[in-house]
Amino acid sequence: MKYCESTAKTLRWKTRQVMVGNIGVGGNNPIRIQSMTTSNTRDANATIDQIIRLADAGCEIARVTVQGMKEADSCEQIKNGLIQKGYTIPIVADIHFFPPAALRVVEFVDKVRINPGNYLDKRASFKVIEYDDASYAEEIRRIEEKFSPLVEKCKKLKRAMRIGTNHGSLSDRIMNRYGDTPAGMVESALEFARVCRQLDYHDFMFSMKSSNPAVMILAYRLLVAEMMRLGWDYPLHLGVTEAGEGEDGRVKSAMGIGSLLLDGIGDTIRVSLTEDPWYEIDPCKRLVQFAEQYQHKKGVAQFHEPHRDFIDIKRRSVVFPKDISLHRDGSVFVTVRPGEINKSGLYKAVGCDSQLGQPKLKVSSADSIVLREPILDQAHQQVLKTLQDIGVGVVSPFPFDGAVTLSSLSQAATNSLANKFSLSKQPRRIAVVIKDEPTKDWELIQEIQPALIVLSPTDNRLQASRHFFAWLQSKQLSIPVILNFSYSCSQEDMVIQSAAEAGALLADGLGDGLWLEGPYEIDFLRNLSFGILQAARMRTSKTDFISCPSCGRTLFDLQDVTKRIRSRTAHLPGVKIAIMGCIVNGPGEMADADFGYVGSKPGKIDLYVGKQCVEKDIDFANADDRLVSLIKQHGRWQEASDE
């Protein structure tokens, strides 16, 4: 099944143009940048100020939350106020649960976003409800009856629409027929799209958002594949919902959005961060620029990928050598140079605790150190040997006791040939580097039989890597592969680019670890590598926070609360905590979390375990302590180690 124009080159999938106010989305237009206000929409002046700040930062389309009639009516003042100040940026109204607000606000805004999971349906109960064909058909007729008035009004007023599915807010109808799945996300949107098409309304676009980048990627791929089958060409708005804050939020977003953009999928994007909305624009710009760079690359020769089934992603079968420091859930390698080897500083940089001058492994310690230069100083050699003694591997092209030999493909082949005729056979602890060699040279790998492969293409990294993995699988080679990508851009760009390129591969089950390089601190590269592995749902090294980006519905200071909760719970690897500003972004949107902290009413918090509310209406002042107690009750708490 085809889901993009090409897997060998970034070719943008051509969609129809949909006008959102004066901004064209899809067609031959550039990838558009969006964000959303966090102000109370009833406060027109505050919302106008936020939209102006967004527009000045480079935002091209701004969304506001519209939960009722007062917010809908305020949008008239917001739109007029912006025009009076010389701003023509299109405004999008975000609708959940209340169709009358959509019918009112469409008169004032340029586009309406509806969530097909809750536009007509109440909040999902997560109960098993039997729908036979007749009752299911009756539900579809109800959608046609209740949704058609908005479609007709959008058509009459020439307003655009986004049918925006969220993974966590699917209807009971969809959940019981398709499950909580990407396929269900797609069908949820198609139910509403069919009504649009029946009424000859085509100024709409889709989104398929999830807090899990892998789920989000699959949902968009399934949607594009279905549109290709049907001959549809509606634009796509890309986003990872509830990505969080800081570097983690940017990594998740870049993995989800970036991997699709590099496949030529996507017409407009939003990076949803638990930060002030104008801070979302910079990572958006970096993603768009990176995607445009890929569009200008020549790509690689066409190749066949029979083993990468995007509908059913499975990790490549790998045999891990017992005598090399690798982690089954994804390894982290870091480069260390002679000038960076000082005892305590290096221990900390590679992620170890130091007790009485001796290093101690942590869950976020690097698995192996790679030497790019010979280590001649005996004191430096002793520091590395101390790390080796606790389980940190050393990989080196130079002689070093106990190290895995790092070798180019050609040199490894020469050594392998010499070894055949040697009376004293050498151990085969070899890591072979694959760069940009011709495909025919890869055959040497079968002769060398290295313990490890380091994949290090210098151009067209995504497509070149996919080609190599396709070859490996065709030869049934189960050698682990470390992705070795080097960058020379700014640190901010490096976060976006590495998460997009490496993340696209890891999310598809391709790659067994990361070795990121460039003119950056070891600690930064190590933490980023762990962050990418965690976003790809491979190796967990810290608490995973799912926090919404805030909007006019939010019932508390989301940024402050998120930082506060993170400060108390960031040391719980494997635990997922959702922090949601309101009940709309509650049990459904945080479907992937272990524990949830949700604003239920002003000054009150509800706590969840999974999708079940276990404590209601907790005073805001006590909610943090109650969350920690809840984690402890379920046996997921551990005390933070002293750094």
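**First stop: Ser171**

Start by selecting Ser171, which touches Gly117 and Asp121, not counting residues up to four places away in sequence. Here, contact means heavy atoms within 4.5 Å. Before going on, note that this is a predicted model, in which local features need pLDDT of at least 70 and side-chain atom pairs count only at pLDDT 80 or more, while totals for chains, interfaces and linings use all residues. Residues are numbered from 1 along each chain as its sequence is written, and side-chain values use heavy atoms, with hydrogens and water left out.

Ser171 sits in the loop between strand E7 (160–166) and helix H5 (172–178). Helices (H or I, at least four residues) and strands (E, at least two) are DSSP runs, numbered from the N terminus. Is Ser171 buried or exposed? Its relative accessibility is 1%, so Ser171 counts as buried. The cut-offs are under 20% relative accessible area for buried, over 50% for exposed, and partly exposed in between (1.4 Å probe, protein chains only).

Now show the side chain of Ser171: one of its polar atoms lies 3.2 Å from the backbone nitrogen of Ile174. A polar contact is a pair of N or O atoms within 3.5 Å; within protein, one must be able to donate a hydrogen and the other to accept it, and residues adjacent in sequence count only if both atoms are side-chain atoms.

**Second stop: the nonpolar core**

Select Phe147, Met161 and Phe206. Of the 158 residues in the largest nonpolar core, these three touch the most other members. Such a core is a set of buried Ala, Val, Leu, Ile, Met, Phe, Trp, Tyr and Cys residues joined through side-chain atoms within 4.5 Å. Which helix gives the most to this core? Colour helix H7 (residues 213–230), which supplies 11 residues.

Zoom in on Phe206. Beyond its neighbours within four places in sequence, its contacts include Arg162, Ile163, Leu223, Met227 and His237. Phe206 also belongs to one aromatic cluster with Tyr201, Phe204, Trp232 and Tyr234.

Stay on H7 and pick Ile217, which is found in this helix. With 3% relative accessibility, Ile217 counts as buried. Leaving aside neighbours within four places in sequence, Ile217 is in contact with Met255, Gly256, Ser259, Leu260 and Ala507.

Select helix H2 (residues 69–84). H2 has 16 residues and reaches 23 Å from its first C-alpha to its last, close to the 22 Å expected at 1.5 Å a residue. The expected span is 1.5 Å times one less than the number of residues. Among the buried residues of H2 are Glu71, Ile78 and Leu82. What covers them includes helix H1 (44–57), strand E4 (61–65), strand E5 (91–95) and helix H3 (99–105). Just after H2, look for Gly86, which takes a positive phi of about 85°.

Next, select helix H9 (residues 281–295), with 15 residues and a reach of 21 Å, close to the 21 Å expected. Its buried residues include Pro283, Arg286, Phe290 and Tyr294. Their cover includes strand E3 (32–36), H1 and helix H15 (491–507).

Follow the chain to Glu305, in the loop between H9 and strand E11 (331–336). At 16% relative accessibility, Glu305 counts as buried. Its side chain is joined to that of Arg308 by a polar contact of 2.8 Å.

Glu437 lies in the loop between strand E17 (430–434) and helix H13 (444–448). Is Glu437 buried or partly exposed? Glu437 is partly exposed, with a relative accessible area of 23%. A polar atom of its side chain lies 2.7 Å from the backbone nitrogen of Lys435. Leaving aside neighbours within four places in sequence, Glu437 is in contact with Leu409 and Trp442.

**Last stop: rings**

Rings of Phe, Tyr and Trp (its six-membered ring) pair if their centres lie within 6.5 Å; planes under 30 degrees apart count as stacked, over 60 as edge-to-face and the rest as tilted. By this rule there are 15 aromatic pairs. Select Trp442 and Phe468: their centres are 5.1 Å apart and their planes at 90°, so the pair is edge-to-face. Trp442 is in the loop between E17 and H13, Phe468 is in helix H14 (residues 461–474), and the two are 26 residues apart. Both are buried.

Finish with Arg461, which lies over the face of Tyr487, 4.6 Å from the ring centre. A charge sits over a ring if NZ of Lys or CZ of Arg is within 6 Å of the ring centre and within 35 degrees of the ring normal. The charged end of Lys632 likewise sits over the ring of Trp637, at 5.3 Å from its centre.
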